[in-house]
Amino acid sequence: MKKGIFITFEGADGCGKTTQIELIKKYLDLNNIDNVLTREPGGCDLGFELRKILLHYEKPVSNIAELFLYLADRAQHTEFTIKPLLAEGKIVLCDRYIDSTVAYQGYARGQDIEKIIELNNLVTKNLKPDLTIVFDIDSNLAQSRLKGEKDRLEKEGLEFHKALRKGYLELAKSNPERIKVISSDDTIENIHKQCVELIKGYIN
Ligand code: TMP
């Protein structure tokens, strides 16, 4: 039985999501609010192996194979990590979840969005986040922020990233209760304040 609170974070590569999640975790810890940070792909042992393949496999990967690898990670992670933590009453912060698959494998890779939503429901047994924060960023800016060696998805071009952004914004439009959009075009402090305001509504 779910008792905790499930919060997910989404956005294109380069949107500043990781920095913000770390700040939120720090905020919750400082306020003695019991929380666990996890991520997809790679938030559990099996997922850790799948993440290596998903981000660094060097030969071509079919779109369907990619989709099912992300879904396999999610099935394992939801059943053995997220649900037990929620049952213990924890706040679970998850770096990416169902909306990443709709945005990346659906909108950006051009696969059937309704089918992906159905598959997400299947592998999570319908577990939806209580709150999802999408960090919205201009695609050119996001790409210019990516430093160092790029992984398989980061290497995709501007068109891919524009479709991805459109996907997130459409998802937010069709799920206004759950998904809140914050612009990444602001200072780290201001973005953090907006996140805290949103999260407070769920933890008080
Ligand atoms: P990360 O670098 O934010 O941890 O995410 C890993 C990459 O995997 C990122 O480029 C987004 C991508 N991804 C998908 O394409 N589909 C998914 O379902 C998930 C969870 C991530």
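Predicted model: local features only at pLDDT ≥ 70, side-chain atom pairs only at ≥ 80, totals over all residues.
User: Which elements give two or more residues to the shell around the ligand, and which of them gives the most?

Analyst: Two or more residues of the shell come from each of α2 (45–56), α3 (63–87) and α4 (98–108). With four residues, the element that gives the most to the shell around the ligand is α4.

User: Which residues come nearest to the ligand, and how many charged residues does the shell hold?

Analyst: There are 14 residues around the ligand, and those that come nearest are Asp13, Tyr70, Arg96, Thr101 and Gln105. Sorted by class, the shell has five nonpolar and three polar residues, while the number of charged residues is six.

User: What percentage of the accessible area of the ligand does the protein cover?

Analyst: On its own, the ligand has 480 Å² of accessible area. The part of this area that the protein covers is 94%.

User: What is the volume of the largest pocket, and which residues lie closest to its centre?

Analyst: The volume of the largest pocket is about 620 Å³. The lining is made of 28 residues, and the ones closest to the centre are Asp13, Lys17, Arg51, Arg96 and Glu154.

User: Which element gives the most residues to the lining of the largest pocket, and how does that lining divide by class?

Analyst: The elements that give two or more residues to this lining are α1 (17–30), α2, α3 and α4, and α4 gives the most, with four. By class, the lining residues divide into eight nonpolar, eight polar and twelve charged.

User: How many cavities of 30 Å³ or more does the structure hold, and which element gives the most to the lining of the largest cavity?

Analyst: The structure holds one cavity of 30 Å³ or more, and the largest cavity has a volume of about 40 Å³. Its lining consists of Gly11, Ala12, Val134, Phe135, Asp136, Ile137, Arg165 and Tyr168, which divide into five nonpolar, one polar and two charged residues. Two or more of these residues come from each of β4 (131–136) and α7 (158–174), and the element that gives the most, with three residues, is β4.

User: Which residues does a cis peptide bond join, and where is Pro41 found?

Analyst: Most peptide bonds are trans. A cis bond, with omega of about -10°, joins Glu40 and Pro41. Pro41 is found in the loop between β2 (35–39) and α2.

User: What is the phi of Arg96?

Analyst: Arg96, one of the residues that come nearest to the ligand, is found in the loop between β3 (91–95) and α4. Most residues other than glycine have a negative phi. In Arg96, however, phi is positive, with a value near 80°.

Note on methods
Residues numbered from 1 in each chain as written. Heavy atoms only, no water. Near = heavy atom within 4 Å. Areas by Shrake-Rupley, 256 points an atom, 1.4 Å probe, with all protein chains shown as cover. Nonpolar A, V, L, I, M, F, W, Y, C, P; charged D, E, K, R; others polar. 1 Å grid on protein atoms, 1.4 Å probe; cavity = no way out; pocket = protein on both sides within 12 Å on 5 of 7 lines; lining within 4 Å. Points joined across faces, edges and corners; volume = space filled by probe spheres on them.
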